[in-house]
Amino acid sequence: RNFICALLVLSFMPFALSAGNKGGDEDKFIFSEITENGQVTGYAVDGFKGDGAADAVIPAEHNGKPVTTIKENAFRGTPIESVTFPESITYVGVNAFGRCEKLSRVDVADADLWCGITFGNVAANPLYFATKFYSGGKEITSVKIPDTVSKAGDFAFYGYEKLESVDIGSGVTLIGESAFDGCTSLKSVTGGENAVSVGELAFSGCVNLQTADIGNKVESIGDYAFNGCSSLKRAVIPSSVKSIGECAFTDCSSLESLTLNEGLESIGDCAFGGCTSLTRFDMPSTVNEIGWGMLMFGGGGAGFGGEKDPSNNISEVTISDGITLIPDYAFNSCNITALTIGSSVEEIGYSAFYGCSVLKDVIMPVSVKKVTSYAFYKCSSLEKVFYCGNEEGWGNIKIGRNGNDISSAEIYFYSESEPQAEGSFWRYVGGKPEIWQ
């Protein structure tokens with residue numbers, strides 16, 4: 001629910017508000033002073049008294065000082081149909097445009113500065129209601145954030161459905177919360193080579209976005225950052241990224257290619273749930289924490305039934321040696337056929353592989369101490385467990401009695417050299433398990 005915010009790229013013609021629109025019907029607004037060290041440095045718009053006026057043209061100046069702020073609730077519940085922003089505005093307070101159901105159009109004096117405005121919440125941005133967005137008389141369909149802008153601010157283009165492309169300038173270090181949330185026509189995001197953070201919901205619901213190449217300085221991808229980007233086919237996560245947030249790529253159902261590089265440390269709950277087009281999931285050795293339902297299919301809910309999704313193509317999973325716990329529902333309903341569990345895993349959580357009905361082989365390390373009930377429930381094809389220890393070690397593992405198809409699988413014990421004792425043994429040949437005959 002590499003990128004980074006960019007500003008509007010339409011070869012904008014300056015929208016002269018400062019001089020010509022200073023007389024933006026100042027008497028329709030309620031102003032308050034902004035002071036610093038006892039001196040008036042500017043003005044804030046506290047309210048609107050347009051007596052039913054359809055248009056609100058905010059002046060760039062009042063009493064010879066810049067108008068820089070729109071206070072919280074300033075236009076809340078008013079019947080305005082359009083609003084014009086001067087380039088002087090830098091802050092818009094909480095719910096400034098809340099309940100403005102008739103608002104349909106926003107005009108900006110300087111599109112290059114729109115990303116730099118700080119919005120107090122989603123209803124502070126007039127685009128929460130408006131569907132038309134203009135600069136210099138032209139409707140905005142593409143955005144270029146100039147190198148002089150340091151962020152794509154929170155909620156900057158929230159819900160703007162006509163935005164098709166974004167080019168992020170080299171000065172941008174932050175893509176804010178919900179910056180492009182719900183931009184359903186957005187197909188292309190380029191630039192952003194200096195971005196450090198991609199915020200929560202930054203590109204959530206961008207159903208036409210096809211690629212996500214993150215600059216090699218991004219350190220974190222926020223919760224729900226690419227949630228529901230159902231056309232996203234490729235994602236490359238560079239080694240600079242330390243954390244991928246909760247549901248960051250949930251329901252990216254077209255995602256075929258996913259590259260996770262060394263350096264990644266944590267993957268959040270349901271981060272890749274519902275990514276039904278993936279065929280492999282290779283976890284970097286640096287990962288030391290994975291979340292609940294991390295690769296759960298069925299998009300975060302249907303997976304609870306333990307029924308595999310026939311469109312899910314993932315077949316191989318390798319779990320990092322840095323992981324100590326495979327959490328509940330982590331790989332619920334995956335079509336895994338071969339599973340390699342990392343050498344530090346101590347516990348396999350409840351329903352971790354529930355519904356992996358085509359899983360045949362599991363390589364299990366000696367570190368495992370507990371297999372929780374239902375961890376391998378409805379794994380009806382599970383035939384072989386290649387245990388990296390001996391029979392005594394296997395006997396010391398606490399295996400939940402309920403719903404564990406692992407109990408009916410053939411257990412093979414590791415032996416580097418040809419075993420002399422009777423029993424079932426295996427070794428590695430060419431990096432693959434081979435049974436001693």
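**A chat about the cores and cysteines**

Author: In this predicted model, the largest nonpolar core has 123 residues, and those with the most contacts inside it are Phe-75, Phe-180, Phe-249, Phe-331, Phe-353 and Phe-376.

Reader: Which strand gives the largest share of this core?

Author: That is strand β2, residues 39-48, with 3 residues.

Reader: And what does the second, separate core include?

Author: That second core has 5 residues, including Cys-270, Met-296, Tyr-329 and Tyr-354.

Reader: Back to Phe-331. What does it touch, leaving out residues up to four places away in sequence?

Author: Among the residues that Phe-331 touches are Met-283, Ile-290, Leu-295, Ile-326, Phe-353 and Cys-356.

Reader: What about Ile-348: buried or exposed?

Author: Ile-348 is buried, with a relative accessible area of 0%. Ile-348 belongs to strand β29, residues 347-348. Beyond its neighbours within four places in sequence, its contacts include Ile-326, Phe-353, Met-364 and Phe-376.

Reader: A change of topic: how many disulfides does the structure hold?

Author: The structure holds 0 disulfides.

Reader: Is Cys-100 buried or exposed?

Author: Cys-100 is buried, at 0% relative accessible area. Cys-183 also counts as buried, at 0% relative accessibility.

Note on methods. Residues are numbered from 1 along each chain as its sequence is written. This is a predicted model: local features need pLDDT of at least 70, side-chain atom pairs count only at pLDDT 80 or more; totals for chains, interfaces and linings use all residues. Side-chain values use heavy atoms; hydrogens and water are left out. A disulfide is a pair of cysteine sulfur atoms within 2.5 Å. Buried means under 20% relative accessible area, exposed over 50%, partly exposed in between (1.4 Å probe, protein chains only). Helices (H or I, at least four residues) and strands (E, at least two) are DSSP runs, numbered from the N terminus. Contact means heavy atoms within 4.5 Å. A nonpolar core is a set of buried Ala, Val, Leu, Ile, Met, Phe, Trp, Tyr and Cys residues joined through side-chain atoms within 4.5 Å.
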